[in-house]
Amino acid sequence: MSEILPGIHLVDGVNPSPQFSTNMLLLKDAKGPTWTLVDTGLPPSAGSGGQPGYPGALPFLEKYCASRNISLRSIRSILITHLHRDHTGNLKAVAQKTGAKIYAHWIEAAYMANDPPYKGKGMPPLEPVEVHEKLKDGDVLGDLFDGLVAVYAPGHTPGHTAYYCPSRKLLFPGDAVFGGEHGLHLTPPEYTFSQSMALISARRLAELDVEGVVEYHGNPVLKDARAALRDAARNARPGDDSAQP
Ligand SMILES: [Zn+2]
């Protein structure tokens, strides 16, 4: 899909299978010749939920950057929405190639470091990763993209965090919502730590002044996205959190 809005690139080819559309996001930093990456895709192949022989997301990022004359070393920041392997599996490799600073919520950072190990639904990173900048709700990342705010949106995982750009009314919600055929919905409960908490977070995200939502899975909603967020929250079922492991 490439550049869907000025300064917002969906890296081509990252999808591990036709049924699993994945949007690795590359954002142009307005204040300098640098870039911010939101989530980093799957590692190569087996056990990752992708097709056998899947080379991992890194080659797609390298190819995309080469096609756009973007130096990998100009990616200075990596924002992680949550610990799941389809978001972090490739993180160590990307961090090594770029030398970028890694940001994630402080709860997620502990699980990503495997201290303690994550026992909730969905797979954690293949190997422990150190987060450099541990975020909390409301932290302002003014130099990244057109200015971003970390919005704590737990439920899908305990430290799940969305990133909001107030000046452009854009939300990068990670897996707080999925894009489906009919707008947005909550991520299926089989992948979610607490569906009730995810529902409460979706309601909170729907209070933001948002025109566009670029979620990690599914098609971005670039117009009237607040209504789509409200629908996602309204149509969601609370789920049975007591069934959690
Ligand atoms: Zn997830």
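Colleague: Which residues have the most contacts inside the largest nonpolar core?
Modeller: They are Leu 26, Leu 37, Leu 61, Ile 75 and Ile 78, in a core of 30 residues. A nonpolar core here is a set of buried Ala, Val, Leu, Ile, Met, Phe, Trp, Tyr and Cys residues joined through side-chain atoms within 4.5 Å. Buried means under 20% relative accessible area, exposed over 50%, and partly exposed in between, with a 1.4 Å probe and protein chains only. The model is predicted, so local features need pLDDT of at least 70 and side-chain atom pairs count only at pLDDT 80 or more, while totals for chains, interfaces and linings use all residues. Residues are numbered from 1 along each chain as its sequence is written, and side-chain values use heavy atoms, with hydrogens and water left out.

Colleague: Which elements each supply at least two residues of this core?
Modeller: β4 (35–38), α1 (58–67), β5, α3 (91–98), β6 (101–105) and α4 (106–112) do. The most comes from α1, with four residues. Helices (H or I, at least four residues) and strands (E, at least two) are DSSP runs, numbered from the N terminus.

Colleague: And what does Leu 37 touch?
Modeller: Not counting residues up to four places away in sequence, Leu 37 touches Met 24, Leu 25, Leu 26, Leu 61, Ile 75, Ser 77, Ile 78, Leu 79 and Val 94. Contact means heavy atoms within 4.5 Å. Apart from this core lies another, of 24 residues, among them Ala 176, Val 177, Leu 199 and Ala 232.

Colleague: Is Ile 78 buried or exposed?
Modeller: Ile 78 is buried, since its relative accessible area is 0%. This residue is found in strand β5. Beyond four places in sequence, the residues that Ile 78 touches include Leu 37, Leu 91, Val 94, Ala 95 and Ile 102. Ile 78 and Thr 36 are 42 residues apart in sequence, and their C-alpha atoms are 5.8 Å apart in space.

Colleague: Let us turn to the metal. Which residues coordinate the zinc ion?
Modeller: His 82 (NE2), His 84 (ND1), His 156 (NE2) and Asp 175 (OD) coordinate the zinc ion, at 2.1 to 2.3 Å. Donors are N, O and S atoms within 2.8 Å of the metal (3.2 Å for Na, K and Ca); water is not among the atoms, so sites may look incomplete.

Colleague: What about the geometry of the site of the zinc ion?
Modeller: The site is irregular, with angles of 87 to 174 degrees among the four donor atoms. Four donors count as tetrahedral if all angles lie between 85 and 135 degrees; four count as square planar and six as octahedral if opposite donors are over 155 degrees apart and all others between 65 and 115; anything else is irregular.

Colleague: What spacing do the donors of the zinc ion follow along the chain?
Modeller: The spacing is H-x1-H-x71-H-x18-D. Distant parts of the chain are linked by the pair His 84, in the loop between β5 (75–79) and α2 (85–88), and His 156, in the loop between β9 (148–152) and β10 (161–165), 72 residues apart. His 84 counts as buried at 4% relative accessibility, and His 156 counts as buried at 3%.

Colleague: Now the sheet. In what order do the five strands of the open sheet come?
Modeller: The order is β8-β9-β10-β11-β14, and the pairing is mixed. Two strands pair if DSSP finds at least two bridges between them. The edge strands, β8 (140–141) and β14 (212–213), each pair on one side only.

Colleague: How many bridges do β9 and β10 pair over?
Modeller: They pair over four bridges, in the antiparallel sense. Val 151 stands opposite Ala 162 in β10. β10 also pairs with β11 (residues 170–172) in the antiparallel sense, over three bridges, and Tyr 163 has Phe 172 as its bridge partner in β11.

Colleague: How many of the residues of β10 are buried?
Modeller: Five of its five residues are buried. Thr 161, Tyr 163 and Cys 165 point one way from β10, whereas Ala 162 and Tyr 164 point the other way.

Colleague: Lastly, how many disulfides does the structure hold?
Modeller: It holds zero disulfides, a disulfide being a pair of cysteine sulfur atoms within 2.5 Å. Cys 65 counts as buried at 1% relative accessibility, and Cys 165 counts as buried at 0%.
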